[in-house]
Amino acid sequence: KIDKKTIDMDIYSETDANNFAVLDTLVTDKTQTLATIDLVSENMVDWNEFLGMLYWWLKHMLQTVDLFDQWEKDSKQIASKIGIHFFPIMKNLKYIDQIRAKKQRLIWMYDQLIELDMGIKSGNFPAEGFYAEVKRIVVQL
C-alpha cells in the first residue's frame with residue numbers, strides 16, 4: 001500500500017529553485033550562472049526538467065538570432081514565427097549582441113547537452129554527474 005508518507009519520501013512534487021535564472025545570465029555572467037546551477041542542484045531539481053529547460057531556451061535563442069540576422073527585429077513578430085510568447089524574446093533581444101557573438105558556442109553547447117543526455121539514458125554516464133558536467137560545459141561557453 002502506498003501512503004502519503006511514501007509518496008513524499010520518494011517523489012519530489014515541488015522544487016524551490018529558479019531554473020530560469022540560469023538562462024538570464026548564461027551569456028552575460030558565467031560566475032552567476034555557475035552559482036545558480038549549484039543552487040538548482042542543491043535543491044535537487046530533476047536533471048530531466050533542467051535539461052528540458054536548457055534545450056527549450058537554446059533552441060528558441062538560436063531561432064531568434066537567425067530571425068534577427070534576417071532583419072526581423074520586432075519581438076512580437078519573432079515570437080509569432082517561433083511560436084512562443086514574446087516576453088522571453090524581449091528579454092533576449094536586450095543581449096542580442098552577446099548572443100550573436102556566442103552563436104557557434106551555443107550550438108556547441110546544444111550538441112554537448114544532447115551527448116550528455118544520451119550518455120545518461122544509455123547508462124554510459126552517471127546521472128549523479130549531470131550538474132557537474134553542465135557546469136563544465138558552461139565554463140567552456
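Close-up 1. Tyr 55 is buried, at a relative accessible area of 17% (buried means under 20%, exposed over 50% and partly exposed in between; 1.4 Å probe, protein chains only). Tyr 110, at 23% relative accessibility, counts as partly exposed. The structure is a predicted model, in which local features need pLDDT of at least 70 and side-chain atom pairs count only at pLDDT 80 or more, whereas totals for chains, interfaces and linings use all residues. Residues are numbered from 1 along each chain as its sequence is written, and side-chain values use heavy atoms, with hydrogens and water left out.

A search of the whole structure finds five aromatic pairs (ring centres of Phe, Tyr or the six-membered ring of Trp within 6.5 Å; planes under 30 degrees apart are stacked, over 60 edge-to-face, the rest tilted). The centres of Tyr 55 and Tyr 110 are 5.4 Å apart and their planes lie at 55 degrees, so this pair is tilted. Because Tyr 55 belongs to helix 4 (residues 47-69) and Tyr 110 to helix 8 (residues 103-121), the pair ties together parts 55 residues apart in sequence (helices are DSSP runs of H or I, at least four residues, numbered from the N terminus).

**Close-up 2. The Phe 130 and Tyr 131 pair.** These two rings form an edge-to-face pair, 4.9 Å centre to centre with 80 degrees between the planes. Phe 130 is buried at 0% relative accessibility, and Tyr 131 is buried at 11%.

**Close-up 3. Charges over rings.** The charged end of Arg 105 sits over the ring of Trp 108, 4.2 Å from its centre (NZ of Lys or CZ of Arg within 6 Å of the ring centre and within 35 degrees of the ring normal). Lys 76 lies over the face of Phe 86, at 5.0 Å from the ring centre.

Key
Helices (H or I, at least four residues) and strands (E, at least two) are DSSP runs, numbered from the N terminus.
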